[in-house]
Amino acid sequence: MSLCSGKPNLPELVLLLLSQVIMSHNIDFQVPMKRACTNEIQMFCPNVPHGDARVIRCLQDNKYAKDFGKECKEEEHPGHAQLRSYNEDADKGNALAGYSS
């Protein structure tokens with residue numbers, strides 16, 4: 001089945017998940033995080049190229065710096081929440097429930 005006509009098949013699901021992973025690693029696609037961490041990006045990561053999780057890693061590397069803001073520190077990378085959800089589903093045996101190959 002196609003994404004437009006119902007449940008995606010396994011190859012379509014894999015492509016969809018890969019595109020989400022790629023987007024999740026770019027700070028420009030993480031609007032809540034980018035807003036919460038604007039000052040920290042300018043202060044700690046001004047010359048770090050966006051993409052490939054470089055800015056996100058830079059923020060994580062500086063998370064415990066004295067001038068790192070509470071709002072940015074508390075902002076969770078969406079990929080972590082998605083991975084936690086997937087792991088919980090996998091533990092229950094539901095990770096790919098409802099998808100066909």
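Modeller: At 31% relative accessibility, what does Arg54 count as: buried, partly exposed or exposed?
Biologist: Buried means under 20% relative accessible area and exposed over 50%, with partly exposed in between (1.4 Å probe, protein chains only). The value for Arg54 is 31%. Arg54 therefore counts as partly exposed.

Biologist: Before we go on, what pLDDT do local features need in this model?
Modeller: Residues are numbered from 1 along each chain as its sequence is written, and side-chain values use heavy atoms, with hydrogens and water left out. This is a predicted model, where totals for chains, interfaces and linings use all residues, side-chain atom pairs count only at pLDDT 80 or more, and local features need pLDDT of at least 70.

Biologist: Back to Arg54: with which residue does Arg54 form a salt bridge?
Modeller: A salt bridge here is a side-chain nitrogen of Lys or Arg within 4 Å of a carboxyl oxygen of Asp or Glu. For Arg54, the closest N and O atoms of the pair are 3.4 Å apart. The partner is exposed, with a relative accessible area of 57%, and its name is Asp52.

Biologist: How many salt bridges does a search of the whole structure find?
Modeller: Besides the pair of Arg54 and Asp52, the side chains of Asp28 and Lys34 meet at 2.7 Å, N to O. Lys70 and Glu74 form another, at 3.9 Å. The search of the whole structure gives a total of three.

Biologist: In which helix do both Lys70 and Glu74 lie?
Modeller: Helices are DSSP runs (H or I, at least four residues; strands are E runs of at least two), numbered from the N terminus. Lys70 and Glu74 are four residues apart, about one turn of the helix. Both are exposed, Lys70 at 62% and Glu74 at 57%.

Biologist: How many disulfides does a search of the whole structure find?
Modeller: A disulfide is a covalent bond between the sulfur atoms of two cysteines; the cut-off used is a pair of cysteine sulfur atoms within 2.5 Å. Cys37 and Cys72 form one, and Cys45 is joined to Cys58. Counting bonded cysteines along the chain, the pattern is 1-4, 2-3. The search finds two.

Biologist: How far apart in sequence are the parts that Cys37 and Cys72 tie together?
Modeller: The sulfur atoms of Cys37 and Cys72 are 2.0 Å apart. Cys37 lies in the loop between helix 2 and helix 3 (38-44), and Cys72 in helix 5 (residues 70-74), so the parts tied together are apart in sequence by 35 residues.

Biologist: Which hand does the disulfide of Cys37 and Cys72 have, left or right?
Modeller: The torsion about the S-S bond decides this, and for Cys37 and Cys72 the torsion is about 100°. The link of Cys45 and Cys58, with -95°, is left-handed. With about 100°, the disulfide of Cys37 and Cys72 is therefore right-handed.

Biologist: Glu40 is buried yet has no salt bridge, so which is the nearest side chain of opposite charge?
Modeller: Lys and Arg count as positive and Asp and Glu as negative, while His and the chain ends are not counted. Glu40, found in helix 3, has its nearest side chain of opposite charge 8.8 Å away. That side chain belongs to Lys73.
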